[in-house]
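Have the sequence and the model open side by side.

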Amino acid sequence: MNANEKADTNAHWPAIRFTVNGESRTVNVPPMKRLLDVLREDLHLTGTKEGCGEGECGSCSVRMNDELVNSCLVPVLQAEGAEIQTVEGLALEGELDPLQEAFLQNGGAQCGICTPGMLMAAAQLLAHRPHPSETEIREGLAGNLCRCTGFTRIVASVAAAARSTESNPAMEPELEQTHHAR
Ligand code: FES
Ligand code: FES
């Protein structure tokens, strides 16, 4: 472990290593513990929310190795060596990500329970399809439920974020569109 790595240790369990938001992390936790719980309880990244706990609502969505996954369904063992991005990884140095800004400006968040998962699903979509159609936005967010907004404001938020990337080449994608593994 180098000086920049953080250890979250309970020596009773074997070490599991992965990267979260660009930072190397090591946890010693039961291998079948849910990634959602490891993020929230062991790494104190409480931005990721639990809704259904059954893979149905998308509230717990995170990006893992450039796929969108429901962290409530992922045993942390499967995250060994993975690169994970959570909602905490969107804002850089206190600056809101364009998606977060767009959700704020367009009323894309109300109660907020679905919002971290929506943002990660939208981030996954825009990483591969920077200027999606409304249909593509709806398809990209199809695994994420919202009980408050009626969805229209969320779609408008993602579209606004996509428009903002036209003047922000740093957000252009690296890869072709892939289907999400859920
Ligand atoms: S809490 Fe994971 S999908 Fe609902
Ligand atoms: S804002 Fe409340 S569930 Fe989406």
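Which helices do the buried residues of H5 pack against? They pack against helix H2 (98-106), helix H3 (115-128) and helix H4 (134-140), with contact meaning C-beta atoms, placed from the backbone, within 7 Å.

This is a predicted model: local features need pLDDT of at least 70, side-chain atom pairs count only at pLDDT 80 or more, and totals for chains, interfaces and linings use all residues. Residues are numbered from 1 along each chain as its sequence is written, while chains are lettered from A and ligands numbered from 1 in the order in which they are written.

**Helix H5**
- H5 covers residues 152-164, 13 residues in total; helices (H or I, at least four residues) and strands (E, at least two) are DSSP runs, numbered from the N terminus.
- From first C-alpha to last, H5 reaches 18 Å, close to the 18 Å expected at 1.5 Å a residue (1.5 Å times one less than the number of residues).
- Ile154, Val155, Ser157, Val158, Ala161 and Ala162 of H5 are buried (20 or more other C-beta atoms within 10 Å of the residue's own, placed from the backbone; exposed is 12 or fewer, partly exposed in between).
- Seen down the axis, the buried residues of H5 fall within an arc of 160°, so they line one face (the arc is that of the directions from helix axis to C-beta atoms).

**Strand S2**
- In S2 (residues 15-20), Ile16, Phe18 and Val20 point to one face and are buried.

**Partners of S2**
- S2 pairs with strand S3 (residues 23-28) in the antiparallel sense over six bridges; pairing needs at least two DSSP bridges.
- Two residues separate S2 and S3 in a hairpin, and Asn21 in the turn has a positive phi of about 50°.
- S2 also pairs with strand S6 (residues 83-85), in the parallel sense over two bridges.
- Val20 has Glu23 as its bridge partner in S3 and Ile84 in S6.

Key. Contact = placed C-beta atoms within 7 Å.
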